[in-house]
Amino acid sequence: MKLRIGTRGSRLSVTQTESVVKDLKSKFPDIQFEVSVIKTTGDKILNDPLLKIKEKGIFEKEINKAVINGEVDFAVHSMKDIPVDLDQYIRLVAVPKRVSPHDVLLSNSCLKLSQLPKGTIIGTGSPRRTAQIHKVRPDIKVETIRGNVETRVEKLNKGEYDAIIVAEAGLLRLGLSDKIVERLSLEDFTPSAGQGAIAIVARADNKRVIDVLENTNHPASIAEVLAEKAFVQKIGGGCKVPMGAVAKARNTRISLLATILSPDGSAKIQSSKVGDINAPKDLGILVANDILSGEGEKILNSWRKFYE
């Protein structure tokens, strides 16, 4: 049996795919695996800020299309790149054990966020992180940065930015954790839904492949991301909106912390609740409704005006 895998060509994407293959080979030594690198819209548009790209799923759509068309048997993605409204022919089959969901700060001065001088330039391509920075340090300047993890670190090293904020998971997987100056709190920097997790998807009707891939699934991790994604789907807005959600599953219970902010970070609403690990989507909807019942709708309106 031979299985073909679709993935992006960045070193992080390839590293994540290799970790999945290694796990599968340990369980199915007779299966052969062939990795196919597929260029996505997000890989082709390197200079424009993410806010200017109108398409959804810019880092996964082409890869999932290859899965649907049978060009590859399954795909490996960063979970945070997966839209909440997956194509009906695609199924999220497995989520391997998740690593840290935290954001981290890297700075040339080796100073923590609270210690950075007024006017410091921080690079990020994320509207969420931009709003969060403005909330905790309104005296700091935020500038757009694009590129993969290594490119961003290189730009920092060259002095194009004084500091950058990235996901800890990418640094861990690439062996770059020594660059971290500070792990940022989940309360101040609630991460993107699915951050730190890997998504393995296949055609919804491909039972032969699904039966193999399900062996890589980590139940607690998939419960966490399902709760987070349900929150995002209920709130609406996608990755261009300043919101974060992070869940933690322990035994039979699962907690979810979620945050939404106005684009400039001046307004912030946060909610945290606990639910049954067997009903993670219900928890995500519960937290979303809690936020929307307060000032959430007002912040939603500020998003709509900002992104029109």
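1. Two strands are taken to pair if DSSP finds at least two bridges between them, where strands (E, at least two residues) and helices (H or I, at least four) are DSSP runs numbered from the N terminus. This is a predicted model, in which local features need pLDDT of at least 70 and side-chain atom pairs count only at pLDDT 80 or more, while totals for chains, interfaces and linings use all residues. Residues are numbered from 1 along each chain as its sequence is written, and side-chain values use heavy atoms, with hydrogens and water left out.

2. On this basis, five strands form an open sheet of mixed pairing, in the order S7-S6-S8-S5-S9. Its edges are strand S7 (141–143) and strand S9 (182–183), each of which pairs on one side only. Strand S5 (residues 103–107) runs antiparallel to S9 and is joined to it by two bridges; Leu105 has Glu182 of S9 as its bridge partner.

3. Overall, the protein has nine helices and 13 strands. Its radius of gyration, taken over C-alpha atoms, is 19 Å, close to the 19 Å that the globule rule (2.2 Å times the number of residues to the power 0.38) gives for 308 residues, so the protein is as compact as a globular protein of that length. Along the principal axes, the C-alpha atoms fill a box of roughly 60 × 45 × 40 Å.

4. Of the 308 residues, 51% are buried, meaning under 20% relative accessible area (1.4 Å probe, protein chains only). Among contacts (heavy atoms within 4.5 Å) with a separation of 6 or more, 69% link residues 24 or more positions apart.

Notes. Buried means under 20% relative accessible area, exposed over 50%, partly exposed in between (1.4 Å probe, protein chains only).
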